[in-house]
Every structure is written in C-alpha cells, then in structure tokens.
Amino acid sequence: MLERLSSQTMDLLRSETMQLVQLIIPIESARRSVAYMGDVGLFQFKDLNAEKSPFQRTYANQMKRCVEMTRKLRFFKEQMAKAGLSPSKRSGVGDDIDLDSLEVKLGELEAELIEINANNEKLQHTYYELLEYQLVLQKAGEFFHSAQSSAAAQQRELEGHSNGEGSIDSPLLLELEMTTDPWKQVKLGFVTGLVPREKSMAFERILFRATRGNVFLKQAVIENSVIDPVSGAKVEKNVFAVFYSGERAKSKILKICDAFGANRYSFSEDHSKQFQMMTEVSGRLSELNTTVEIGLAHRTNLLQTIGFQFQKWNLLVKKEKSIYHTLNMLNVDVTRKCLVAEGWCPVFATDQIQNALRQAALESSSQIGTIFQVLQTKESPPTYFRTNKFTSAFQEIVDAYGVAKYQEANPGVHTIITFPFLFAVMFGDWGHGICLLAAALYLIAREKKLSSQKLGDIMEMTFGGRNVIMMMGIFSIYTGLIYNEFFSVPFELFGPSAYSCRDLSCRDASTAGLIKVRATYPFGVDPKWHGTRSELPFLNSLKMKMSILLGVTQMNLGIIISYFNAKFFGDELNIWYQFVPQIIFLNSLFGYLSLLIIVKWCTGSEADLYHVMIYMFLSPADDLGDNQLFTGQKFLQILLLLAALVAVPWMLFPKPFLLKKQHQERHRGQSYTLLDSADDILEMEQYDSDGHEEFEFSEVFVHQLIHTIEFVLGAVSNTASYLRLWALSLAHSELSSVFYDKVLLLAWGFNNMIILIIGIVVFICATVGVLLVMETLSAFLHALRLHWVEFQNKFYEGDGYKFYPFSFASLGDEEEVN
C-alpha cells in the first residue's frame, strides 16, 4: 500500500515517461485496432497527412457518411426539443447495430419524420385557414345582417311616407326613387378577409387613396389572437369587408390585400348559403382537428422511439467518426497493404496497447499482427500526469499558467496544500470556513446528479473546483481557530483566557489594558485581545511577520525544487551557478530577516527590525546597541551582506562563459567523430543542416543578465508581495467585525423584533454577498497570483504541451461532434 501511494505521488511530481511509437497495422484489422486503442485511451496519434486536405484522405467517404448521420441525429434532437421531449439517458436494450444498418435505419426514420411533418404542416395550414374562414363567416354575416336590417327599416319608412300626404320635409325625388327600375340600380361587389391589426390603419388609408375614396370599408376586431396559416405565428387580426364598384377597383383591392398579407375568403350574401357554409366549415374543422391530433400522436410516438435509442446511436456515430478521423491521420503503404501510425504513449501502457492490438488482429482474422516499434527522437514528448477527481482541479490551476515541460517538477503536488493554506491565511474565520466547507460538501454529495446537468458558466466552474473549495474551507477553519474568530466573535474553545480586567466593570479594558492572571492561552490568539486597545497593533505585527515567514519559506521551496530539476536533468551548471547563488542571496537578506523575527518572538526583545535591516546596508560596521538580538549578530550581518554581494556576480558571469566552452567542446568533438555506418553519416548531415547553430554569446549573456536582475529585484518585490496575506487577512477581519458590530449588535440594541429581523437579514446578506462571495474570490485570486508569480517563477518553465490521447471516454462529455 505504501509503495503504491509513493508511486502515485512520484507520478504526480514528474510527468509519465513517454515514448514515440511506430505502429504498422494491416489494413484488414486497422479499424478494429484503432477502436481498441480508443478503449485503452493512452495513445496520442500524430497526423502523418498534415499536408493533405480532408477530402484527399483515405477515409474521406466514411467521414462523409458519419457527418451525414450526425446531421440526421441533430435533426432528430431538434425535433424532440420542439416536441418537448428529451433523449432517454438509458439506451434501449437490444442487439448491437453496425454502422451500415444504422445508416439505413436513420435514413428511413428521417424520411418518415419529414413526411409526417409535411403532412402535419399541410393539415395545420388547412385547419388554421378554416378557423379564419369561420371567423370571417361570423363577422361578415353580422355586417350583412345589420345592413339588411337597416335597409328593411328604411324601406318601411319610405313606404309609410308614400302612403301619407306629402310635406315640406319629404324628399323632392322620393317619387323618382320609388319608380326607378331595380335592374338599373348599381350592383356593388365586396371582398372579405382578415388583415393584421397593426396594419389595419395603413390598409384603410391605402385603399382610400388607391380608389380615390370609391370604396366602403367595414372592420371588426377579433378579441383573441389567431394563428396565421402562412407564418404559423399568433397574430392579432381584424375581419374586413371592402365594398367597391367596378372591376378596376376590384383588381386594385386584391393587389393591396396581397401586399398587406391579408388573407381573403369568399362570402355569399344569401342567408341559406351562409348557414350551409358555416355547417360545412364546422364539420371540416372537427374532422381536421381529429386528424391533426392523430398525426401529432404518431409523430410523438416516433420521436419517443428515436429518443429511447438516441444516446446509443449518437455514441456509436461519434465513435465511428473519431475512428475514421484517426485513420485519416495514418499513412497508407499500398505495396504492403498496411497503415503506418506514429504517436506518443506512456511507457507503462506498452503492455495494454500491445494486448489491444493483438486482440484486434485476432478478431479481424488477420494473418499478420500489428508491429509495435519504439522510435528514437529528439522531439520533446507531451506532458502527462495521472490525476484523479481530487487532484485534477489543483492540476488545472497549474496548467492555466502553463503546461509543465516534459518531466519537469510539477508544482501541482505542493499546490494541493499551499494553495488552500495561503487562501486560508487571508480568509481566516472558522465560521466562514464552515460555510465554505458545507457548500463544498453539498456539491460533492450531489456530484453524480449535478455532473449530468447543464450548469451555468459560473456554477460550472464552482462545481469543477468543489474539492479545492473543500480544502479551502478546512484550512480556513484551522486558521480561524488560530485567529480565534467566528464571524469576528472570539470564543474560549481551548480554555479560559490568560488575561483579566483591572476592575470588575472592565470599563478601562480598551484604555488601560489587561493584566495576565493565568497561563498563556494554549492555541491561537487569546480571546481577550479582541476589542482591546492593543488588538490592532498586535494583530498587525503578528500577521505581517507571519506573511514574511510564509513568503520566504515558499520562495525557498521554489529554489530547492529548481535544484531537484537541475539534478534530474543532469544540469550541473544550474546547480552551481543558479541554485547555490540564489539560495545564498535570498537567505542572506530575507532568510536573515525571518531568523530575526523568530528570535524576537522567542526572546521578547523590543528591537526595531526595520532599523536593523536598513542599517545592515547603510552602516554595517556600526554597533547595534539596543537592537542587538544575540551575540555575534554584527559579524553575522557583515558576513551575510558580503555573501549576498558575491552571489550576484556568481549568478551573472560564470554560466555564459561555461556554456560557450561546452558548445565549443561539443562542436569540436562532433567534427572529428568516427563514422561507423551510413546512418551515422545521415545523422551528422541532419545535425549540420538543422541542429548546429552558431553560439551567440552576447545573446546568452544578455539573457543571463536579465535573469540575474529579475531574481535580485524579484527577491525584494516578491517578499513584499507576500504582505498581501497580512493586508487581506486584516481587511477580512475588519469587514466581518463591522458587519457584526454595526448591523447585528446595533439591531439587537433597539429591543424591537422587526428591527432585529431586518438586522439579521441584512447581516446574512452582507456576510454571504461580501465575505463569502467577493472576499472568497479576492483571496482566491491573490493566492493564485502568489503561486503563479512568486512561487513558480523560481523553478517552473511551463513551456510543455499536454498529452491528448485518442480516447472514447471523452466522447460522452461532448454534446455533439463537429
């Protein structure tokens, strides 16, 4: 068990040992071999046909088939979404289907679904037209009925006038009107239909202008929206009837109706025909409604059948498409009827890959097995770390800065502890830490359910970092116990306070201070410190010095890791002319400052460390006086100052000259090496043409000068940068104290239940919104900066590239294959 745990730790500290492999695969077993390699998921294929377009590759036709099937599946998914259905997560149980059968089946289902959709669209189009026709018959019938009623009343009035005696008020032409031949009266035509309500005013104006006022327009508002047969959208419409005289006016009216999208419907003046038409329309509507419902039910059943098998079919098409995409990256050797593949794989996966290739050849009845050959190369391999659900989030934090160079020391191992710890130093409150831990545990408990759902961008990031948040919460509880803060309230968790007030009323606790009455509080800050006049100066001093200690420790860790990197790669120059002077320079100044802090804490001295560090440079030979912390301090300071001054040229000058010397010796040795074979001649020619470059001493020296200046100045600026731990910790504590004192306690002091409830709500909102969201994000970003800049720049190059193996496991996470 211990050996296995040690092996996993080392696997995360250094990337896996990779090898460049050539595979010679018989054509008859090529597809199955690639499929089995996808199941193993530990081989990254190189594209050997990069100069060819996708249409020039061997398996272009198979790719077209897969793309077409993907389009059909996407069409099915869109149709299911429109119908309010979703693909079943559990695939239907049945016989495995091959790609050819699936292609035929998808084609048949698509044709059937398109036909059903077309029939349903026609039926619905007719149904909506009949609905509009029914409305026209109702409203236009009301027009004509009211007009005929008024005409009949007028006729009765005229008949009454004709029977009575004439008067002054009688029309002069009444007798002429009564005797006029009805066949000679002008017969008016009419057009009925529906027009969108928003266009009705413009429709009326255009009709009036086009016919010069020689039309009569009657409109009726439809209360409810109707579905337009053409667009299928709900539209508010008016029923209209336009009365006109003459064919020329009729043609103008018809054109205007078409221009305004008005749907026209025929109408008869005869009451009996109107009643007959209403009866026919109602009957047809009832029949069409039944037919449409049956069609929609059939369509729903078909989509449910597709949805039950959708995931299975989609995964099969994705797999086949990825297989043929990979096969297109292979070279075809026509003479030997085989495919040649090259790619990277971890050394530990050699047996798995060979077993998969043997199994594929056996099942394909291939007479020749796949040839597995390791190639020698100077190309830098990809970087691959074996991570799990817990370590992957921390590795992503490192990879966001840059992927580690091949077998470079991985900062992700140390980040698992140092990142949440530095976050907690800035976020130290065990009440807030419990809230973070509870939120993280909730996400972890609902991991399976939430991982299958679509979350928003922010929620997706939060869920992905659930283990990081859990560690941040745990460490925040730890540092909160050290700071003795629970939502800014101190507790006597580990025993009674060591201090007491000078009088019983404790009125002078914030002015005259406290007196020590018992042993020192065993863990963390004594609860009596909170609220006293010494609280802020004490916590300021504590957190500032603690920040410097943590920063110097982490920077030293980074320099020590650079030593292990140099030792691993056999780079003696970096050990003696980079690691040694850097560790001397950093610890001669800030290591010494850390020592002074610890000595001052242990001895209780009142020495001014600012004065000590400043005059260490300005007047190193002067006596320290009251600032002396230990015997021999003056001699040690002079010695450390000289060591720091020596370390700078030690970093700057030797390395460029030694690199030049190494280059000359290597070039001289290669110029006179014995060549034993033709391969050696070819290798030398290749080196002369590609590998051999003139050594630019000035460029190397300038690079080393920049590196030296960057480290010397960075040692000061990076140490100062760690003071953000002090600043953010103090800000978090003060904000928490303000919310507690000025919101919660203030509301409690009013002795009013309503004000108390309002105060509690405001306190909770402020705590969650400011301290648990904004402060968490702020502390997270600052901890991220400390790792990326102050820690990783001491040793981490981060110029590698990730290992992306061909694997079917990643296909399930994709929504669709492009």
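Student: Which residues is Ile 253 in contact with, leaving aside its neighbours within four places in sequence?

Tutor: They are Val 191, Leu 207, Val 215, Val 242 and Tyr 244. Each is called a contact because heavy atoms lie within 4.5 Å. Ile 253 and Val 242 are 11 residues apart in sequence, with their C-alpha atoms 8.2 Å apart in space. Please bear in mind that this is a predicted model, in which local features need pLDDT of at least 70 and side-chain atom pairs count only at pLDDT 80 or more, while totals for chains, interfaces and linings use all residues. Residues are numbered from 1 along each chain as its sequence is written, and side-chain values use heavy atoms, with hydrogens and water left out.

Student: Why is Ile 253 called buried?

Tutor: A residue is buried when its relative accessible area is under 20%, exposed when it is over 50%, and partly exposed in between (1.4 Å probe, protein chains only). Ile 253 has a relative accessible area of 0%, so the word buried applies. Its place is in helix α7, residues 247-259. Helices (H or I, at least four residues) and strands (E, at least two) are DSSP runs, numbered from the N terminus.

Student: Is Ile 294 buried or exposed, and how do you know?

Tutor: Ile 294 has 56% relative accessibility, and therefore counts as exposed. This residue is found in helix α8, residues 271-327. Ile 294 and Asn 120 are 174 residues apart in sequence, yet 9.7 Å apart in space, C-alpha to C-alpha.

Student: What is the phi of Ser 365, and what of Phe 487?

Tutor: Phi of Ser 365 is near 55 degrees, a positive value in a residue other than glycine. Phi of Phe 487 is likewise near 55 degrees, and this residue too is other than glycine. Ser 365 lies in the loop between α9 (350-363) and β11 (371-375), and Phe 487 in the loop between α15 (466-483) and β12 (499-500). Ser 365 has a relative accessible area of 63%, so it is exposed. Phe 487 has 17% relative accessibility, and so counts as buried.

Student: What makes a site a pocket?

Tutor: On a 1 Å grid over the protein atoms alone, a pocket is an open set of points where a 1.4 Å probe fits, with protein on both sides within 12 Å along at least five of seven lines; its lining residues have an atom within 4 Å of a point. The largest pocket is lined by 33 residues, and Asp 571, Asn 574, Gln 578, Lys 655 and Glu 797 lie nearest its centre. Helix α22 (697-721) is among the elements that each supply at least two lining residues, and α22 gives the most, with 10.

Student: How do you know which residues the record lists as "transmembrane region"?

Tutor: UniProt, in an unreviewed entry, gives this annotation to several spans, including 576-599 and 635-653. UniProt positions follow the numbering used here, feature names are shortened, and annotations may be inferred rather than shown by experiment. In the model, residues 576-599 are 100% helix and 0% strand, with end C-alpha atoms 31 Å apart. Residues 635-653 are 95% helix and 0% strand, and their end C-alpha atoms lie 28 Å apart.
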